[in-house]
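Me: Could you walk me through this model and tell me what stands behind each label you use?

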Amino acid sequence: MGPSLNQSTPSEHPPRTIRIWDLPTRIFHWLLAVLFAVAWISGEMELAWLHVRSGEAMLGLLLFRIAWGFVGGDTALFHNFVRGPQKIRRYLHALATGETKGTLHVGHNPAGGAMVMALITGCLLAVGLGLFSQEDDDPLFTGALAHLLPQNYAELVAEIHEGWFGIVAALVALHVAVNLFYLLVLDNNLIRPMISGSIIVKDSTLQEPRMGKTWKALLVAALIGAGLYAGLNSL
Ligand code: HEM
């Protein structure tokens, strides 16, 4: 069993650096953010080829993250951060009453875990709908699987795709706002570890979580990339 990812209250010990996010999880995150922006801007600018390709790349990335949630490092594993409503409520209550001050979560806190799952599911649904979309006024905006639907259905899916994107964009805005709230109000910088992978801790009892192996991530990415390429080109 991996180390406990529960919160800990720091006791006075010399600070040391521990790694909490493995490289594949960090690359996934920032690549997803870039692709999200590219898909959005290319959609607005009617750059169909770029929009479709960035959406497909997002799909591959999201499928990779789902697989990584089962075989990745401790903090990437779903079962280490997906929590039920009661734990999420308790965490939010503790946050509101200031009880979480001075405590540290190695990995996603319960509310963060819920947001992560909402972002992954929301993005997955957006790109999934995109695959079956066909714009009525621009045939270049055609998802790789749109030909499987009658044209009027594919056009309807395109409208749902666009509407759903608005909801995901709002979720992303909330995600960024929450991170800024932690940084500016709670003085808890969650962004730096998502870049560097590490945090500084004073608690000597805190065990460093197991990080996912990069070779394993490359293998998973290659399998998903090949499967997706074959699937999108053969259906
Ligand atoms: C389109 C934009 C974005 C999307 C779709 C997105 C999505 C996600 C997802 C899926 C995760 C979970 C990471 C994982 O466990 O694999 C995450 C975590 C995180 N994101 Fe984003 N993100 C976006 C932009 C940003 C931006 C701009 C920031 C910086 C302000 C940011 C800061 C973070 C942080 C700090 C975490 C870790 C939170 C924690 O410690 O629990 N994200 N994001």
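Reply: Gladly! Let's start with Glu-46, which sits in the loop between H1 and H2. Helices are DSSP runs of H or I with at least four residues, strands are E runs of at least two, and both are numbered from the N terminus. The model is predicted, so local features need pLDDT of at least 70 and side-chain atom pairs pLDDT 80 or more, while totals for chains, interfaces and linings use all residues. Residues are numbered from 1 along each chain as its sequence is written.

Me: What makes Glu-46 count as partly exposed?

Reply: Buried means 20 or more other C-beta atoms (placed from the backbone) within 10 Å of the residue's own, exposed means 12 or fewer, and partly exposed is in between. Glu-46 has 13 C-beta neighbours inside 10 Å, so it counts as partly exposed. Its phi is near 60°, a positive value in a residue other than glycine. Most residues other than glycine have a negative phi.

Me: And why is Asp-187 called exposed?

Reply: Asp-187 has 8 other C-beta atoms within 10 Å, and therefore it is exposed. This residue lies in the loop between H5 and H6, and its phi is positive too, near 55°.

Me: How do you know that the length of helix H3 agrees with its residue count?

Reply: The expected span is 1.5 Å times one less than the number of residues. For the 12 residues of H3 (residues 85-96) that gives 16 Å, and the end C-alpha atoms are 16 Å apart, so the two agree. After H3 comes Gly-98, with a positive phi near 80°.

Me: What makes a set of residues a nonpolar core?

Reply: The members are buried Ala, Val, Leu, Ile, Met, Phe, Trp, Tyr and Cys residues joined through C-beta atoms within 7 Å. The largest such core here has 29 residues, with Met-58, Leu-61, Cys-123 and Val-127 making the most contacts inside it. H1, H2 (48-71), H4, H5 and H7 (214-234) each give it two or more residues. Another core, of 5 residues, lies apart from it and includes Trp-21 and Val-106.

Me: Which residues are closest to the ligand?

Reply: Ala-33, Phe-36, His-108, Gly-112 and Leu-190 are the closest of the 21 residues surrounding the ligand; a residue is near when its C-beta atom, placed from the backbone, lies within 6 Å. H1 supplies the largest share of this shell, 6 residues.
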